[in-house]
Amino acid sequence: MQIRLENLVRTYGNVHAVDGVSLSIPSNRIFGIIGLSGAGKSTLVRLISLLEKPDSGEVYYDDARVDNMAEKDIILRRRHIGMIFQNFNLFSSRTAGQNVAYPMEICKYPKEEIQARVHELMGIVGLEDRIDAPISTLSGGQKQRVAIARALACKPDILFCDEATSALDPKTTKAILALIKDIQKKMNLTVVMITHQMEVVRDACDQVAVLSDGKIVEQGDVKEIFAHPKTEVSKEFLSHLSSNAKDSEMIRWSESPARYTLKFINDKVDVPVISKVIREYNVDINILGAGVQQVSDEKIGTMVVDITGSADMTEKAINAFREYGIEVEEEKA
């Protein structure tokens with residue numbers, strides 16, 4: 001199911017929560033929408049998922065416009081949309097299996113079909129032995145697995161994940177993202193992940209749109225944005241990721257400002273370029289942080305450094321990095 005947005009606008013009083021957003025979300029992919037708090041992510045997902053109508057603009061599923069449908073038709077269409085939330089939104093009065101059954105009960109599925117589907121889905125999320133467990137006895141990761149199973153109950157063609165891993169620890173987050181990726185491939189779903197975590201985009205998404213002040217400021221393949229961010233918003237997200245000491249793949253051991261960021265793509269990761277440049281151009285290079293990340297099928301090495309020496313030799317060193325195929329970004333003074 002392809003999703004296409006045409007110039008969506010949604011305001012609340014004087015606040016432009018979504019301000020002229022046009023976006024194409026490809027079918028059968030995991031698409032990320034990332035932004036800081038207040039960027040308009042939650043409003044945008046409510047518009048895309050038909051929970052709200054835009055003030056203006058259009059929403060298409062494949063080639064059919066859906067935002068202007070009659071209310072009864074919108075309700076029917078929503079039954080084929082799955083939603084996963086940050087806080088699980090499970091019924092504490094129901095068991096895990098009963099939570100998964102709930103949307104099928106609303107849609108009046110036969111009891112036998114509901115029972116079979118619950119067992120199937122609880123097996124898919126790895127909780128076949130917890131069908132009768134009270135929700136209060138489950139861990140956070142297990143609750144999110146139940147929520148995923150519930151979201152898949154009515155066989156949706158679109159799955160929305162609204163900050164689905166924000167309440168989870170890093171290890172559980174990786175496991176949940178791996179599960180979502182596996183489900184997406186097996187069920188050929190279009191998955192839209194709304195997040196403020198660049199780690200989620202890196203580990204799960206194929207493409208991403210960066211949202212700021214209600215507008216899309218950058219979009220494209222995840223590996224392209226990681227390697228060549230074009231906007232300050234994207235660079236800010238990546239800088240926080242690079243300096244996160246809890247992320248074992250990227251370590252920043254000094255918080256001193258760095259003037260240059262070097263990006264090594266794929267085969268450039270293993271080339272001893274730094275030592276060559278130091279010897280050839282008589283400059284000092286102070287490495288403040290570094291690491292290698294796997295983004296889609298590519299390795300991207302990132303290094304934050306200071307380069308000191310004569311102005312002439314420093315410029316030649318930077319040019320040499322670029323000739324070696326290393327991306328060099330200079331921080332603005």
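Buried means under 20% relative accessible area, exposed over 50%, and partly exposed in between (1.4 Å probe, protein chains only). This is a predicted model, where local features need pLDDT of at least 70, side-chain atom pairs count only at pLDDT 80 or more, and totals for chains, interfaces and linings use all residues. Residues are numbered from 1 along each chain as its sequence is written, and side-chain values use heavy atoms, with hydrogens and water left out.

**Exercise 1.** Work out how Arg65 and Asp67 meet, and classify each one.

Step 1: a salt bridge puts a side-chain nitrogen of Lys or Arg within 4 Å of a carboxyl oxygen of Asp or Glu. Step 2: the N to O distance for Arg65 and Asp67 is 2.9 Å, so they form a salt bridge. Step 3: Arg65 has 32% relative accessibility, so call it partly exposed. Asp67, at 8%, is buried.

**Exercise 2.** Find what the salt bridge of Arg94 and Glu105 ties together.

Step 1: the closest N and O atoms of this pair are 2.9 Å apart. Step 2: Arg94 sits in the loop between strand S6 (81–85) and helix H3 (96–106), while Glu105 is in helix H3, so the pair connects parts 11 residues apart in sequence. Helices (H or I, at least four residues) and strands (E, at least two) are DSSP runs, numbered from the N terminus.

**Exercise 3.** Describe the hairpin of S1 and S2.

Step 1: strands S1 (residues 3–12) and S2 (residues 15–25) run antiparallel, joined by 8 bridges; pairing takes at least two bridges found by DSSP. Step 2: Tyr12 stands opposite Val15 in S2. Step 3: with 2 residues between the strands, Gly13 takes a positive phi near 65°.
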